[in-house]
Amino acid sequence: GPLEPGKVSSGINAEYGETKVVQKEINALNGKIERSFIVTDEMIFKDAKFNDQCRKAYKLMANLQSEFNALVQGLDDIGTINRELRDVEDLLSREKEKNIVQQTQKLSKDLEALVRDNDKMIDAIKKAKASKR
């Protein structure tokens, strides 16, 4: 059957709430990972001055952090695109509903005009019959 506006808006609100919770979790995890990178960076950097293996580990860790940041940015971009897509879908749905309402109103006016025209024709036929008598 057709979707009821109340059910749709409550579904959207529930999805929005879930999205906010997930975003908070992502932000918390990003903070933890960022702090881990900072601590690891400080530990390895001290030894990198004197140890070739630590220098290599430091470079690898820097690459890992860069790749991780790119991954997080990619996920953020996907989230943004998905939100924009949902907004466009919502807008499209509202426009379709508006169009249906407009078409229904036009059909209703057309029907009223037809009824008036029929009434006029019936009156004209009755007058024509009455004048023949």
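A residue counts as buried under 20% relative accessible area, as exposed over 50%, and as partly exposed in between (1.4 Å probe, protein chains only); by that scale Arg55, with a relative accessible area of 35%, is partly exposed. The structure is a predicted model, in which local features need pLDDT of at least 70 and side-chain atom pairs count only at pLDDT 80 or more, while totals for chains, interfaces and linings use all residues. Residues are numbered from 1 along each chain as its sequence is written, and side-chain values use heavy atoms, with hydrogens and water left out.

**Aromatic pairs**

- The structure holds two aromatic pairs, where rings of Phe, Tyr and Trp (its six-membered ring) pair if their centres lie within 6.5 Å, and planes under 30 degrees apart count as stacked, over 60 as edge-to-face and the rest as tilted.
- Phe37 and Phe68 form a tilted pair, with 6.0 Å from centre to centre and 55° between the planes; because Phe37 lies in helix H1 (residues 5–48) and Phe68 in helix H2, this pair ties together parts that are 31 residues apart in sequence.
- Phe37 is itself buried, at a relative accessible area of 9%.
- Phe45 and Tyr58 form a tilted pair as well, with 5.5 Å between centres and 50° between the planes, and this pair links distant parts of the chain, Phe45 in helix H1 and Tyr58 in helix H2, 13 residues apart.

**Salt bridges**

- A search of the whole structure finds three salt bridges, each defined by a side-chain nitrogen of Lys or Arg within 4 Å of a carboxyl oxygen of Asp or Glu.
- Asp52 bridges to Arg55, with the closest N and O atoms 3.7 Å apart; both residues lie in helix H2, three residues apart, about one turn of the helix, and Asp52 is partly exposed at 44%.
- Glu95 and Lys98 meet through their side chains at 3.1 Å, N to O, again within helix H2 and three residues apart, and they are partly exposed at 39% for Glu95 and 42% for Lys98.
- Asp110 and Lys106 form a salt bridge whose closest N and O atoms are 3.1 Å apart, and because they are four residues apart in helix H2, about one helical turn separates them.
- Lys106 counts as exposed at 51% relative accessibility, whereas Asp110, at 35%, counts as partly exposed.

**Surface patch**

- Leu71, Leu75 and Ile78 form a nonpolar patch on the surface, with about 300 Å² of accessible area together, and Leu71 is found in helix H2 (residues 52–132).
- Patches are made of residues with over 30% relative accessible area and no salt bridge, like charges being joined within 9 Å and nonpolar side chains (Val, Leu, Ile, Met, Phe, Trp, Tyr) within 5 Å; accessible areas come from the Shrake-Rupley method with a 1.4 Å probe, and for residues only the protein chains shown count as cover.

Conventions. Helices (H or I, at least four residues) and strands (E, at least two) are DSSP runs, numbered from the N terminus.
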